[in-house]
Amino acid sequence: MSLKCLCVIAVSTVLCLAADHKEAPLAQEAPAADIADLYAFTHPQDVSRLVLAMTVNPFSVPEEAVGFNFSSRVRYRFLIDNDGDARADHFITIQFLPDQSFFAVFSDGTRIDGQATPPSEEPEPSHELIFEGSNDARIFAGPRDDPFFFDFVGFSRVLAGTGSFSGSDSFAGYNVSAIVVELPISVISDGSSVLNIWAVTELEQPGGQLFKEALPRWKTLDRMGNPGVATALIPPGLKDFYNASPPNRDAELFAPSIVASLTALGTTADNIGVLASVAVPDLLTIDVSAPSGFPNGRTLDDDVIDVLFHFIFNQSGVTDGVASNDAAFMGEFPFLAAPWQP
Ligand SMILES: [Ca+2]
Ligand SMILES: [Ca+2]
Ligand SMILES: [Ca+2]
Ligand SMILES: [Ca+2]
């Protein structure tokens, strides 16, 4: 398909595409609770271990280190379904205090206390603070380079009919705040090699602690399974509702909207079927007995935009021209590249 063709199709709908950066009104108002990306991959040197990463605070500029803080009113959670019902069987919950100390609680009862790595010790990034638990899990929290890459500006140009992709990464040079956990797969698996993973940020409700009989203490503000689902396939008016909804209701509540969005983009029924099998319910599924790589989990290197384009635009070879991140990833924990410095 030519870019002109893509343009004609795409402008007929409201297509916005990032991973999950600033995708919904409530998320835009609360950057520290705005999940930008979720990753899940087996450890490159030890397939008995899984690496989970979520990023928040999208588009943090290196000069504004105050923007890197995690919120003390939000709890950050990795949720894991192990029996295929899209309901969590295991969790990792991380909460921060205003001084950026944190505690992480695992569904096996393990607790790890730690401290977020500060942005910088001029002129170099701070050395990573890594904390380990009795269950052999390790955790890092702090600023990193945003591992997501995409020519979003070029895509906007294509949609507007004013130009094309330039192959320039619109996310280059920006930082995010990352939470990275590495742990034995056995901690979050009941035996199945298939894990269905999603991340949520939950906002503490005023009065929720005092009146917990009447009010839930925590309310989901953002969630993410697969890249691009909330940004590209959920209509604008439903994005906050989508983020607040549990994935086990995705088929009932959102499958019709997702199919309609793809139909409007000109995606054929076969390709809609492929995308819907990944996006409904919106869980990042990984079979840890097979190599990691989107859509079997998601590694930092995966060019998820081109994978999505491949199916959305009917396997016609559309690419944004950006094939890798602007910084080299690390070969060891916490894997994400060091944050950009002022
Ligand atoms: Ca988000
Ligand atoms: Ca389950
Ligand atoms: Ca980057
Ligand atoms: Ca690409």
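Just after helix α7, Gly266 has a positive phi of about 90°. This is a predicted model, in which local features need pLDDT of at least 70, side-chain atom pairs count only at pLDDT 80 or more, and totals for chains, interfaces and linings use all residues. Residues are numbered from 1 along each chain as its sequence is written, and chains are lettered from A and ligands numbered from 1 in the order in which they are written.

Helices (H or I, at least four residues) and strands (E, at least two) are DSSP runs, numbered from the N terminus. In α7, the residues Ile258, Ser261 and Leu262 are buried (20 or more other C-beta atoms within 10 Å; exposed means 12 or fewer, partly exposed in between, with C-beta atoms placed from the backbone). They lie on the same side of α7, because they cover an arc of only 95° around the axis, taken from the directions from the helix axis to the C-beta atoms.

Ala255, Ile258, Val259 and Leu262 of α7 meet Ile272, Leu275, Ala276 and Ala279 of α8, where contact means C-beta atoms, placed from the backbone, within 7 Å. The cover over the buried residues of α7 includes α4, α8 and α9.

Asn57, in strand β2 (residues 46-60), has a positive phi near 55° and is not a glycine. Asn57 is buried, with 24 other C-beta atoms within 10 Å. Asp136 also is not a glycine and has a positive phi of about 70°; Asp136 counts as partly exposed, with 14 C-beta neighbours inside 10 Å.

Definitions and conventions:
Contact = placed C-beta atoms within 7 Å.
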